[in-house]
Amino acid sequence: MTAKAEVCFAKEASQQIVAGGSAGLVEICLMHPLDVVKTRLFGFYKGILPPILAETPKRAVKFFTFEQYKKLLGSVSLSPALTFAIAGLGSGLTEAIVVNPFEVVKVGLQANRNKFAEQPSTMSYARHIIKKEGLGLQGLNKGFTATLGRHGVFNMVYFGFYYNVKNIIPINKDPTLEFLRKFGIGLLSGTIASVINIPFDVAKSRIQGPQPVPGEIKYRTCFKTMATVYQEEGILALYKGLLPKIMRLGPGGAVMLLVYEYTYSWLQENW
């Protein structure tokens, strides 16, 4: 790669990372009150800093890797529809690799919230997991396959649906109507992706969360966990929590896509 090409890549990557991080930041600021409403009717932005610190870099990874996989696939003879879906799958799998250890710590802290008067810090709890269980699939990367499925399937549908449908429905010359066109497609993208990937989400929560019988591991692998939940609790158990998820990731998904697109476009013109 020449020096000029390296500079161009660095500039492009910076724009994508900033735009993706901005998308995550705005989405959290707008949608965080929905999480708070579930438990209280005041202090809508209480506890918003940890989600911002976690979600902003996560979304930067999400959008940056999507763009890079899309560019990489441009040299392969694939239809645009397939390119968007595969690039989305790749970005989701990459995102999962990055976020899974944080998810293990987060779920563990949430599960322990009612057991201890004084909560351990995030770092001390992570060290506790590593010391006790290690870095592998029973330790800091527990539920890794389920997380791969959750993020991979979501991003594949999310990006694939959005960009393919957006290319089918004609652009509107009116800026307001064009904004609404994109928002509507983004809303459907987040909603459909949530419906399709939630069984992986349920499996992930069962594997990473507290087991039914202390000392016995009932939920160990992704697809076996799904089968167990289905056999013991029925098909609806695999869709538990779907409504609040759609309420969050439907409009939230639309917000992220629009903020990313408008911010990235602005950065390309002005940076």
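Reader: Why does Ile196 count as partly exposed?

Author: In this predicted model, local features need pLDDT of at least 70 and side-chain atom pairs count only at pLDDT 80 or more, while totals for chains, interfaces and linings use all residues. Residues are numbered from 1 along each chain as its sequence is written, and side-chain values use heavy atoms, with hydrogens and water left out. Ile196 has 43% relative accessibility and therefore counts as partly exposed, since buried means under 20% relative accessible area, exposed over 50%, and partly exposed in between, with a 1.4 Å probe and protein chains only. Ile196 is placed in helix 6 (residues 175-208), where a helix is a DSSP run of H or I with at least four residues, numbered from the N terminus.

Reader: What makes the nonpolar surface patch of about 580 Å²?

Author: Val195, Ile196, Tyr230, Ile235, Leu236 and Tyr239 make this patch. Patches consist of residues with over 30% relative accessible area and no salt bridge, and nonpolar side chains (Val, Leu, Ile, Met, Phe, Trp, Tyr) are joined within 5 Å, like charges within 9 Å.

Reader: What makes the contact of Lys62 with Glu95 a salt bridge?

Author: The closest N and O atoms of Lys62 and Glu95 are 3.7 Å apart, and a salt bridge is a side-chain nitrogen of Lys or Arg within 4 Å of a carboxyl oxygen of Asp or Glu. Lys62 lies in helix 2 and Glu95 in helix 3 (residues 80-111), so the pair ties together parts that are 33 residues apart in sequence. Both Lys62 and Glu95 are buried.

Reader: Which of the two terms, buried or partly exposed, applies to Lys106, and which to Glu103?

Author: Lys106, at 39% relative accessibility, counts as partly exposed, whereas Glu103, at 7%, counts as buried. Salt bridges that share partners join Glu103, Lys106, Arg150, Asp201, Lys204 and Lys245 into one network. Lys106 and Glu103 themselves form a salt bridge, with the closest N and O atoms 3.5 Å apart.

Reader: Why are helix 5 and helix 8 called oblique to each other?

Author: The axes of helix 5 (residues 144-168) and helix 8 (residues 242-270) come within 12 Å and cross at roughly 60°. Angles under 35 degrees count as roughly parallel, over 145 as roughly antiparallel, 65 to 115 as roughly perpendicular and the rest as oblique, and helix 5 and helix 8 are therefore oblique to each other. Helix 5 passes helix 8 in a right-handed crossing, that is, the near helix is turned clockwise from the far one by less than a right angle.

Conventions. Areas by Shrake-Rupley, 256 points an atom, 1.4 Å probe, with all protein chains shown as cover. Helix = DSSP H or I, 4+ residues; strand = E, 2+ residues; numbered from the N terminus. Axes fitted to C-alpha atoms, helices over the stretch in contact; angles between N-to-C directions.
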